[in-house]
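Okay, thanks everyone, let's get going.

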Amino acid sequence: MLTGKQKRFLRAQAHHLDPIFQVGKGGTNEGIIKHIEEALERRELIKVSVLNNCLEDPKDIAAELAEGAGAELVQTIGRTIVLYKESREHKQIELPN
């Protein structure tokens, strides 16, 4: 579980990132969750955008993706989701205490 200070730090880190995944009208599925897990192992912090043609609520999608990938939901702002998961082999981000 992330503290408020850690979430603020991660939001600042994610500000300059571009979304690397898009969720469309098909919603979430096993394939996209698997790809997100792999990307999180490599990068630790990613953005996912929810397209306008997706009928589900972005907050629901964010919860599904975070739970499926075993990641922490840092932020959902508009149709953009920020996810964080500490990497085992490629640790780059040092969280504040």
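Before the numbers, a quick word on what I mean by an axis: it's a line fitted to the C-alpha atoms, for helices over the stretch in contact, and the angles run from 0 to 180 degrees between N-to-C directions. And keep in mind that this is a predicted model.

So, how do helix 2 and helix 3 pack? Their axes sit 9 Å apart, at an angle of about 65 degrees. Angles of 65 to 115 degrees count as roughly perpendicular, so that's what we call helix 2 relative to helix 3. The crossing is right-handed.

Who's touching whom? On the helix 2 side we have I32, I33, I36, E37 and L40, and they meet E64, L65, G68 and A69 of helix 3. Sort the residues of that contact by type and you get six nonpolar, one polar and two charged.

Staying on helix 2, which covers residues 30-43, take a look at E41. Is E41 buried or exposed? Buried: its relative accessibility is 17%, and the cut-off is under 20%. Leaving out residues up to four places away in sequence, E41 touches S87, R88, E89 and H90.

Now over to helix 1, residues 4-14, where the buried ones are Q6, L10 and A14. Looking down the axis of helix 1, those buried residues fall within an arc of 70 degrees, so they line one face of the helix. As a reminder, an α-helix has 3.6 residues a turn, so residues three or four places apart point the same way. And what covers the buried residues of helix 1? Strand 2 (45-50), strand 3 (72-77) and strand 4 (80-84) are among the elements that do.

Methods: Residues are numbered from 1 along each chain as its sequence is written. This is a predicted model: local features need pLDDT of at least 70, side-chain atom pairs count only at pLDDT 80 or more; totals for chains, interfaces and linings use all residues. Side-chain values use heavy atoms; hydrogens and water are left out. Helices (H or I, at least four residues) and strands (E, at least two) are DSSP runs, numbered from the N terminus. Buried means under 20% relative accessible area, exposed over 50%, partly exposed in between (1.4 Å probe, protein chains only). Contact means heavy atoms within 4.5 Å. The arc is that of the directions from the helix axis to the C-beta atoms. Angles under 35 degrees count as roughly parallel, over 145 as roughly antiparallel, 65 to 115 as roughly perpendicular and the rest as oblique. A crossing is left-handed if the near helix is turned anticlockwise from the far one by less than a right angle, and right-handed if clockwise. Ala, Val, Leu, Ile, Met, Phe, Trp, Tyr, Cys and Pro count as nonpolar, Asp, Glu, Lys and Arg as charged, and the others, Gly among them, as polar.
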